[in-house]
Amino acid sequence: MNPDEAAFLTTRSEQLRSRTGFTRRDVLKMGAALSVASGIAQFAPAGSARAATLDAASPIVKPLPPEWFVNYGTNAEMRWDAVPGLGYKIPNERFFVRDHTATPVIDVQTWQLEVFGSGLHGPGRTFTYDQLRQLPQREVVAFIECAGNGRSFFALQQGTPAPGTQWGLGAIGVARWRGVPLAEVLKRAGLSRRAVDVMPSGLDATVVSGGIDYGHVRRPIPIAKALDDALLVLEMNGEPLPPDHGFPLRLVVPGWIGVANIKWVGQIEVSDQPLFSLWNTQQYVMTGDAYPDQPVVTTQTVKSAWELARGAELSAYTPVALTGRAWSGTSPIHRVDVSIDQGATWTQARLNRRNGAWVRFRYTFPPRPAGDFELWARATDAQGRTQQPTVPFNNGGYKFGAIVRHPVVVV
Ligand SMILES: Nc1nc2c(c(=O)[nH]1)N[C@H]1C(S)=C(S)[C@@H](COP(=O)(O)O)O[C@H]1N2
Ligand SMILES: [Mo]
């Protein structure tokens, strides 16, 4: 690394430390790993020049106070060190945001949902906001988590950086979602037995990249999932959906990756043929040496996070009560084990009774002399899937489910 680059990284890392809770050591490691791969410009929150432009017309509508969020411009990560004291659900104003372009502001008076396609036996139909509110409503408490949550740890822990937003573990939130089962809407639109895929499409700006317009953000789910528990959501934690989270209507697909949960839905295509978009072909597909079959990413993996800053200081010779949360896309969490000696010995964490979208856990850090430690939390779900020390790399940096090594300093 030449000295200029080193100076750049130092500056960036100092900005990062104050904005993200990553330690300087983390950032230097990440920077070193990233500098190996060329053309990766998005690893850090925007530098000052870019941040100024973005702040002038923020793509995200809600306030993003730095004590709650790491601001990446079109994405905002929840800071885990701001989570202690929050209840089971993450309040709307604290929920992470991930926009491919920018949050649109939609007039509900003129907005309509249009359902169409070869998977219907008639011409389809439209629904107004009020009509949707008259239909049977259901509630679900579920997480929404970006497929790329934890991506930075491919660089930081495994030395294989993946391009894209360098999320820590805060691209997740849990909320109570209320709305109309997608099944109810499909039935009323004339669902045919021949339907195979259902593709909601967002009303945010189309995605243009390299001179190509890929259209509105949209991604199909199979009809089985659509009819199972997919919910067309009007309310988040008892309030109308906030603009950043999809007002007036978003799809919630419990357990599936973030991008399945299309925001600002304006159209739903129901097809008797498999459907494709950028978001289930070039993006959100596992690629790389470990994935010759290139599976489409659907459900989330098992993960856990500490409600604590990276590099947090703990008092020497004192037991310290620590908390965290663990989750899985496919079943409740069964147990969480903790190691502070690089996996040599493990202690079971105590799980709260409330379990489902995620579970909160408690662990008492034992009295220790001053020094550097790593907290390792290893969650196991009810299907026996356990976090491993490493995970195979994939080019998109999706589903980083390995044990995250969380540095703490005993002082
Ligand atoms: N229309 C639309 N839907 C979208 C997106 C988007 O950019 N446009 N982003 C997706 C991605 S990648 C994620 S992770 C989640 C984020 O949801 P949130 O911003 O409510 O946390 O929304 C998904 N739905
Ligand atoms: Mo995402």
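Biologist: Which residues is Leu182 in contact with, leaving aside its neighbours within four places in sequence?
Modeller: Leu182 is in contact with Val198, Ile221, Ala226, Ala230, Leu231, Leu232, Leu251 and Ile268, where contact means heavy atoms within 4.5 Å.

Biologist: Thanks! What should I know about the model itself?
Modeller: This is a predicted model, in which local features need pLDDT of at least 70 and side-chain atom pairs count only at pLDDT 80 or more, while totals for chains, interfaces and linings use all residues. Side-chain values use heavy atoms, without hydrogens and water, residues are numbered from 1 along each chain as its sequence is written, and chains are lettered from A and ligands numbered from 1 in the order in which they are written.

Biologist: Which residues touch the most other members in the largest nonpolar core?
Modeller: Of its 82 residues, those are Leu113, Val115, Leu132, Trp177, Leu182 and Ile221. A nonpolar core here is a set of buried Ala, Val, Leu, Ile, Met, Phe, Trp, Tyr and Cys residues joined through side-chain atoms within 4.5 Å. Buried means under 20% relative accessible area, exposed over 50%, and partly exposed in between, with a 1.4 Å probe and protein chains only.

Biologist: And where does this core lie?
Modeller: Between domain 1 (1-294) and domain 2 (303-410), because both give residues to this core. The domain bounds come from an automatic or database domain assignment. There is also a second, separate core of 24 residues, which includes Leu322, Ala349, Val408 and Val410.

Biologist: New topic: what order do the strands have in the open sheet of 5 strands?
Modeller: The order is S17-S24-S23-S19-S20, with mixed pairing. Strands are DSSP runs (E, at least two residues), numbered from the N terminus, and two of them pair if DSSP finds at least two bridges between them. S17 (312-314) and S20 (347-348) each have a single partner strand, so one side of each is left without a neighbour in the sheet.

Biologist: How many bridges do S23 and S24 pair over?
Modeller: They pair over 6 bridges, in the antiparallel sense. Gly371 stands opposite Val410 in S24, and Trp376 stands opposite Arg405. S19 (residues 333-339) and S23 are antiparallel too, over 6 bridges, and Val338 has Ala377 as its bridge partner in S23.

Biologist: Where is the place of Ile403, and is this residue buried or exposed?
Modeller: Ile403 is in the loop between S23 (371-381) and S24 (405-410), and it is buried, with a relative accessible area of 3%. Beyond four places in sequence, its contacts include Gln157, Trp346, Trp376 and Ala377. Gln157 is 246 residues apart from Ile403 along the chain, and their C-alpha atoms are separated by 9.6 Å.

Biologist: What about the open sheet of 4 strands?
Modeller: That one has the order S16-S18-S22-S21, with antiparallel pairing. S16 (303-306) and S21 (350-355) stand at the edges, so one side of each is left without a neighbour in the sheet. S16 joins S18 (residues 320-327) through 4 bridges, and Lys303 has Trp327 as its bridge partner.

Biologist: Last one: where is Asn261 found?
Modeller: Asn261 is in the loop between S14 (250-252) and S15 (265-271). It is buried, with a relative accessible area of 3%.
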